[in-house]
Amino acid sequence: MADIPDPASDAPRQPVGRSEMPDRVSRSRKRASGSELERRRASASGPRLVVVSNRVPVPKDGSTKAGGLSVALEGALKQSGGLWFGWSGETVENPSEGARISQAGNITFAVMDLAKQDYDEYYAGFANRALWPVCHYRLDLVQIERHELDGYFRVNRAFAATLAPLLRPDDIVWVHDYHFIPLASELRKLGSNNRIGFFLHIPWPPPDVASALPAYHRLLQNFGAYDLVGFHTPQDAENFERCLVGENIGSSVGPGEHQIDGHRVRIGAFPVGIDTETFARAAAGAERNALVRRTRASLGNRSLIIGVDRLDYSKGLKQRIEAFSCFITSNPDFRNRVTYIQITPKSRSDVPEYQRMQREIAEQAGWTNGNLGEVDWTPVRYVNRTVGHAALAGLYRMSRVGLVTPLRDGMNLVAKEFVAAQQPDDPGVLILSRFAGAAHELDCALLVNPYDTEVCAAAIARALQMPLAERRERWATMMKRLQVNTVEAWCQRFLSSLSRIPAGVTEAHPAPDAERNPSPEPETAPA
Ligand code: GDG
């Protein structure tokens with residue numbers, strides 16, 4: 001049976017007000033308070049927002065691409081006009097200096113190409129073979145290569161050098177994700193006194209796990225150059241603070257605040273949301289979508305179980321297929337009465353761990369079908385293809401069960417999209433890993449331990465047999481939360497916390513570089 005733990009608070013921990021800033025921190029410019037900022041934004045004359053993300057959705061035909069986060073960030077940028085900076089997605093032999101600039105409405109897009117070696121070391125290497133596995137608690141998959149670590153810092157330096165000349169003194173800079181931990185520190189070295197916030201989209205593990213990172217101390221020290229560091233859950237934020245304390249980096253000056261090298265860093269939880277109403281509308285409108293209709297016809301009277309995940313070892317696909325198989329074996333009445341569709345676009349195919357996984361999961365799906373299937377029944381439809389946004393919303397809506405069982409996930413937007421897509425009078429049931437950040441808010445899902453095959457199998461059986469009244473009640477509670485914590489609310493919460501922080505701090509931003517704060521670990525391997 002699925003176990004349902006105590007509800008956890010999803011309230012963001014707000015950083016303290018500016019009255020608690022230390023006297024010795026001087027301010028070179030007068031800054032707007034949160035409400036001032038909002039007023040100035042409304043009149044489009046406030047500080048400009050600069051968003052930094054590894055991928056930048058540069059519009060191809062005058063409009064930006066749809067997608068929850070992109071839409072929200074674009075919305076935030078549009079309010080005051082803004083700049084979106086990052087990697088172009090291109091690797092070239094000789095990257096040119098400076099950014100490639102384009103304009104769409106009042107948003108400026110600035111992107112830079114990477115050399116193949118930079119891509120290999122910074123992105124496919126350190127970011128995705130060291131930071132990603134460690135932050136997802138997969139120490140067995142960590143690859144430590146000194147040249148990749150060096151490449152990570154070098155490419156961050158190059159991003160900072162390209163961004164710095166584009167910054168205006170009043171800009172508010174919002175940096176996204178694990179690719180860019182050292183970016184603020186590099187910008188400070190180049191003289192930036194901007195307010196700079198950082199949001200981590202993936203989990204942050206406790207010290208015992210995080211300390212498996214090479215240059216652990218140095219990476220932590222680099223967070224000290226940000227004004228605000230945000231995580232999805234209070235647990236991630238707490239883990240991070242424990243790491244700072246354990247490494248004697250700065251000193252705690254109250255809950256969610258650290259003084260590092262004379263600079264105060266606020267730390268908080270900001271659980272990301274989705275565009276709930278738009279998603280719900282798309283799902284309701286998708287009844288007529290051709291793929292949705294064909295899929296419905298192909299199912300006959302069978303109930304649909306759906307999983308949607310990038311092909312990633314953090315998503316628990318192997319364990320999930322095993323659980324489905326266990327469910328069928330232990331509930332033979334359901335043979336030929338359910339179909340499990342797993343939509344899994346490939347990702348990071350140039351990272352060896354992902355190549356291995358592609359083969360393993362495909363083999364497992366094939367083996368399960370061979371073992372359980374019948375001439376007129378394919379139990380698992382495993383698809384390595386991207387499905388269009390509208391069709392995806394429609395498929396969620398026609399599913400009786402959403403299987404979202406990552407082994408570890410920062411938030412997991414699929415869980416939220418599945419809930420938003422349901423029919424209010426006949427909703428499906430969400431089975432959700434307790435190790436996904438989304439479990440903090442969606443505690444009316446059937447929460448499961450994704451490693452426990454029998455528990456997951458029992459949850460599938462329970463979901464398929466759940467009475468309508470219970471389905472409605474669970475769904476309504478979760479939907480209410482999604483209607484409050486939308487992606488727009490998330491943006492506003494983060495940005496108003498950041499804008500409340502007085503910036504323009506000159507002497508309080510000593511660069512946490514290797515010379516002044518020698519790392520206990522060598523940056524390059526000893527000869
Ligand atoms: C990272 C963190 C955190 C997937 N397949 C298709 C498709 N998708 C869309 C989903 C969803 C998104 O991709 C996946 O988001 P998740 O949150 O589930 O997972 P990650 O990609 O790992 O995202 C995660 C997130 O950042 C945000 O902070 O929640 O924890 O790991 O929106 O719908 N969309 C379409 N076709 C597909 O085949 N259209």
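How many salt bridges does a search of the whole structure find? The search finds 26, a salt bridge being a side-chain nitrogen of Lys or Arg within 4 Å of a carboxyl oxygen of Asp or Glu.

## Basis of the model

This is a predicted model, in which local features need pLDDT of at least 70 and side-chain atom pairs count only at pLDDT 80 or more, while totals for chains, interfaces and linings use all residues. Residues are numbered from 1 along each chain as its sequence is written, and side-chain values use heavy atoms, with hydrogens and water left out.

## Ligand site

An oxygen atom of the ligand lies 2.9 Å from a side-chain N or O atom of R310, and a ligand oxygen is 3.1 Å from a backbone N or O atom of G410.

## Selected salt bridges

In the salt bridge between D443 and R481, the N to O distance is 2.5 Å. D443 lies in the loop between β15 (429-433) and β16 (446-448) and R481 in helix α16 (residues 468-484), so the pair ties together parts that are 38 residues apart in sequence; helices (H or I, at least four residues) and strands (E, at least two) are DSSP runs, numbered from the N terminus.

D443 is buried at 8% relative accessible area, whereas R481 is partly exposed at 28% (buried means under 20%, exposed over 50%, partly exposed in between, with a 1.4 Å probe and protein chains only).

Key: Polar contact = N/O pair within 3.5 Å; in protein donor to acceptor, adjacent residues only side chain to side chain.
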